[in-house]
Amino acid sequence: MLRPVTNITISQNGAGRNLVLFFDFVTSWEFSNNWEDLSAKGKVVFPKNIYVTEQTTLKRYPLFGVNNNSNIGGFNSEPLIKRGDKIKIEAKYIFWDENLNEYETKMTAIVEGYISAVKAGLPVEIEFEDNMYLLKKTPMPNRSYKSTQTIESILSDALKSVNSKYQTNFRVNNDSQTNVTWSAGLLTSENETIAQFLAKLKRDARLFTYFRGDELRVGRTVYVESEAQTKYFEFQNNIISADLEYKRKDDIVLSAVASNHIEETVGTTKDGKEKKRKKRIEVLVTFANGADTPTWKEVKQGDKPDPNTDGERRTFTFPDATSIADLVEKTTALLKKYYYTGFKGKFTTFGTPYVQFGDNAQLINKKLPEQDGIYKIKGVAYSGGVEGYRQEIELDYKLNV
Amino acid sequence: MSTFKLISAIQSLAGVQNDDTVRLLNCTVKTVDLPNRICVVESVSGQSAIEFEALLQAAVGDGLLIEPAVGSAVNVLFSKYTLPTIVSYSDVVTYALNGDEFGGLVKLDILLEKINAIEAAINKIIAWGATVTPPLTTVTQIVPTNKQEIENPTIKHGS
């Protein structure tokens, strides 16, 4: 039997608020983390009658219920828990062998973030977010950035104000250098927060951003392979339930329309400058019939791509594609990841082995070994409390094809 | 379903996915880089005063190139997926139509004065030639050119 242990530490934040509240019991908590959403969010529901221990004085505070003077909402005076306070959730298992010797798994920090809302109702429910919460509270400078400046350097500048305002140590991962050369609208911030600026990049340029610890990652490549760990999950064993669909490559038709607009030199102007012309390049790339290489067709100016009559059609813009061949290569690389015989979907497992998105899940099915495979993890929804510690793992694509 | 997927699905259903949003900003010209067909402007209208580069032409070429005066007002189209482009000007330093190798446009009134002076001088010679014996010429007097004959009134210019 596995007994889950959840430790929640809430550190008060702000002038005159320096209590560190520790909970070793909770009704339920959940935390969802994936790279598609700008911020990773979660919530904690406390029991109706609970005391909290302050860590420096070891004084116990009734959270609410038995003591009318407890003040979770802060309606009459300074509340115990407030929006902006830091929160840390750690979890582990305790288990016993047949001789009742006690063991425990490693305590894992699931999330360190900030409380974004304290619900007024009962039982007490608090919502929290990861470090992105502070970026939602910090304005970007009103300015337009040059297209030659990388997104990473723009964000590095922006994070300086967050670090000085909140005494944090946020930094941008500079492994990638990302340019958006064809738009000034995207690179202009006007009366918006850093998070709104990032949301714009995600919505309009498909540039995803997420925090891993104190590191802000941005760019067209989401995963950092050097830190990916592979963990084993077995059907009829530690996979509790699955919402997975096993599909054969032959049954899948996967296509994408990819485009970009490029500037090409078409001669010399009368004053000796390179004469430029804008040109739209567009291709339709299709994987079908189990083939390892796709078929592709250039969509000429004024034409429309062939209609999608079968399968899944995606639309991509590659701002760094310079030619039709380049466009085909980039689209093929992206589509090929999702064109495989294997699982799509998500499954639920125990809290251990602990995984994060970007890690790899090796799925093992001893009854149907042909379904074995290693998959990239796209997102994990963690949950815990009196009903047990769980991870719902969403698969992105298969690695060993 | 992630929030992003949900937003994308709603945008797709509403038909606004990858839609461009265009704004018109009134700006002041700060600097002009004519060879590269760009100028730096500062917005006057809009949410805040921001400085950015705006295109003088759709792409570097010979077509119509208008050099705005530094400090003058311009209207700039600003969108998500294209670079900002100037669409109207308050004060202009130079215009170039398909390059500048033929020089500037003719100043009509001055040219007309010169033509009329030449015509008057020729008419004098013709009149004098008719008085000598034998007459020097039989050419008739030139009718002085007037402005309406040589002006295209739909395109005007000033200094």
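View 1. The side chains of Glu101(B) and Lys270(A) meet in a salt bridge, with 3.2 Å from N to O, the term standing for a side-chain nitrogen of Lys or Arg within 4 Å of a carboxyl oxygen of Asp or Glu. Across the interface of chain B and chain A the rule finds six salt bridges. The model is predicted, so that local features need pLDDT of at least 70 and side-chain atom pairs count only at pLDDT 80 or more, whereas totals for chains, interfaces and linings use all residues. Residues are numbered from 1 along each chain as its sequence is written, chains are lettered from A and ligands numbered from 1 in the order in which they are written, and side-chain values use heavy atoms, with hydrogens and water left out.

**View 2. The side of chain B that touches chain A.** Eleven residue pairs, both members at pLDDT 80 or more, are in polar contact across the interface of chain B and chain A (a pair of N or O atoms within 3.5 Å; within protein, one must be able to donate a hydrogen and the other to accept it, and residues adjacent in sequence count only if both atoms are side-chain atoms). On the side of chain B that touches chain A, α1 (3–14), β3 (51–55) and β5 (73–79) of chain B each supply at least two residues, and the largest share, five residues, comes from α1(B). Helices (H or I, at least four residues) and strands (E, at least two) are DSSP runs, numbered from the N terminus.

**View 3. Extent of the interface between chain B and chain A.** The contact, meaning heavy atoms within 4.5 Å, takes 35 residues from chain B and 38 residues from chain A. About 2,700 Å² is buried between the two chains, with carbon and sulfur atoms giving 48% of this area; buried area is the accessible area (1.4 Å probe) that two parts lose on being put together, summed over both. Phe4(B), Lys80(B) and Tyr81(B) supply 23% of the area that chain B buries against chain A, more than any other three residues.

**View 4. Confidence along chain B.** Chain B has a mean pLDDT of 89, with 98% of its residues at 70 or more, where pLDDT is the predictor's confidence in each residue, from 0 to 100. Among the elements of chain B, α1(B) has the lowest mean pLDDT (77), and strand β6 (residues 85–89) of chain B the highest (95). For the complex, the predictor gives an ipTM of 0.71 and a pTM of 0.83.
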